[in-house]
Amino acid sequence: MSDPVLEIKHLVKRFGDQTVLKDITLTVEEGEVIVVVGPSGCGKSTLLRCINALEEIQGGEIRLKGAEVSKTSSNLAKIRQRIGMVFQSYELFPHLSVLDNIILAPTKVQKRSKEEAKEEALALLSRVGLREKADSFPRQLSGGQKQRVAIVRALCMHPEILLFDEVTAALDPEMVREVLDVILGLADQGKTMIIVTHEMQFARAVADRVIFLEEGVIKEEGSPDQFFEEPKTERAKEFLKTFTFERKRSRV
Amino acid sequence: MFSEMFLKLWDNGLILKGIWETIYMTALSSVIAYVIGLPLGVILNITDKDGINPIYWLNRILGLVVNFFRSIPFIILMVAMLPVAKLIVGESLGNRAMIVMLVIAASPYVARMVESSLKEVNAGVIEAAQSMGTNNFQIVRKVLLPEAKPSLITGAVISMVTILGYSAMAATIGGTGLGQIAISYGHQRFNPDVTWCCVFLTVIIVQIIQEAGMRIAHETDKRVRGSKH
């Protein structure tokens, strides 16, 4: 087996005197899709933000194919180019057209030619069904369309790993579907991904491995079937119960 | 209806000359104040503790200098800066000296305006840019300034109107323009119609700056519906 894409060892993240991530160790192999679930405030998003060095870490280390990812490392910009991140609230540049949003970093950061970046951007947009929106501005798109553009923007950098931070949390149900279908397609292509989500059905469909995070600790880790059918810990059972309604309203 | 003085000033073109001098002083001072204030505002923003490149001591020092100049009333600043004007343009009277005063007074003001415009830029968008590996220089040029453009233009309008007001005050120590006409021909020689005429003309200039500026700001704002793109 080749070297892992991402290695996290004994990661500790504190905000002030509050420890948000306690000794997280996680290895992500090439082509693997990891889904991170857990109650809100458990540190899921913080974990992703640490992997992209948007947060400083207080202990442990994160390595992308051997290279250290840290807010203080001198080649941080170089490493960040290899990590794609998609945010909950899209974070498209409002003053740029869809196409310019996508090619900004490839042309300015990676110094690729405008023609080549454009060509790839348009091809990727076609794949997510947004070819005709290339010249629109973000404000003219629906939430689901914005999120698909944000995914294309991340893809166009050819990242070695993609991080999805609750990318459907702000969307209406139909739009959730269109975005999740795109991510499922990426999984089919063998992209390496870490996905934080509250969509349990989707988690089960897309994951190679599910991680259950609670209070900054990995409480449980396993295949999706194992995790959703027979969770090992009580906490995971309780957490999964919150997604089903066993009691119906009583009618008098 | 008009006093003799007014007709005289009108006939020998002094009023037109006053309009021109006011516009010229305001425009030139504004341009120079932005050449100094814009980079200063950017530095204040990015070196802030929440900025993209926090440098505590630099932010503190610049902030103190800016606050120092901003807390001095313009009329006192003008008198105090007479030697500085003499040093820079070789004279402490006349419009060239006045432009130095206006720039000294306006640059810190502009810096704060720019700083607050940049602060409005959504932090998430900056993080998105960072996550793609952009360096700080690229973030300033490609994200911060373009994102803040409508707000920067609105700020420029407010700054220009302030500078216009300052330029009228400069008349008290030897500046020219509408302010000087209002003070020496209107106020000091008891011709209220001259004063009011200057007031009226100033209002019109302010209106033009305001209208034009707001229109440009709206046109460049890609976030609002109804703007062209």
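Two strands count as paired if DSSP finds at least two bridges between them. Keep that in mind as we walk through this structure, which is a predicted model.

Let's begin with strand S9 of chain A, residues 209-214. With strand S10 (residues 217-222) of chain A, S9(A) pairs in the antiparallel sense, over 5 bridges. One spot to look for is A:Ile211, whose bridge partner in S10(A) is A:Glu221. S9(A) and S10(A) form a hairpin with 2 residues between the strands, and there A:Glu215 takes a positive phi near 50 degrees.

S9(A) has another neighbour too: strand S3 (residues 33-37) of chain A is joined to S9(A) by 4 bridges, and these two run parallel. Here you can find A:Ile34 standing opposite A:Arg209 in S9(A). How much of S9(A) is covered? Most of the strand, since 5 of its 6 residues are buried.

Now move to an open sheet in chain A. Its 4 strands come in the order S2-S1-S4-S5, with antiparallel pairing. Strand S2 (18-28) and strand S5 (67-68) are the edge strands, each pairing on one side only. Further in, strand S1 (residues 6-15) and strand S4 (residues 59-64) of chain A run antiparallel and are joined by 5 bridges. If you want a landmark, A:Glu7 stands opposite A:Arg63 in S4(A). Helix H1 of chain A, residues 44-51, lies across S1, S2 and S4 of chain A, and it runs at about 65 degrees to S2(A).

Over in chain B, have a look at helix H6, residues 94-119. Its 26 residues reach 38 Å from the first C-alpha to the last, close to the 38 Å expected at 1.5 Å a residue. Where is the kink in H6(B)? It lies at B:Ala106, shortly before the proline B:Pro108, and is about 30 degrees. H6(B) is largely enclosed by the rest of the structure, because 22 of its 26 residues are buried. Buried here means that 20 or more other C-beta atoms lie within 10 Å of a residue's own.

Finally, how do the two chains meet? In chain A, 20 residues are in contact with 20 residues of chain B. Helix H2 (76-80) and helix H3 (98-108) of chain A each supply at least two residues of the side of chain A that touches chain B. The residues on that side of chain A divide into 11 nonpolar, 4 polar and 5 charged.

Technical notes. Residues numbered from 1 in each chain as written. Chains lettered and ligands numbered in written order. Predicted model: local features only at pLDDT ≥ 70, side-chain atom pairs only at ≥ 80, totals over all residues. Contact = placed C-beta atoms within 7 Å. Nonpolar A, V, L, I, M, F, W, Y, C, P; charged D, E, K, R; others polar. Expected span 1.5 Å × (residues − 1). Bend = angle between axes of the 7 residues up to and from the residue. Buried ≥ 20, exposed ≤ 12 C-beta atoms within 10 Å, placed from the backbone. Axes fitted to C-alpha atoms, helices over the stretch in contact; angles between N-to-C directions.
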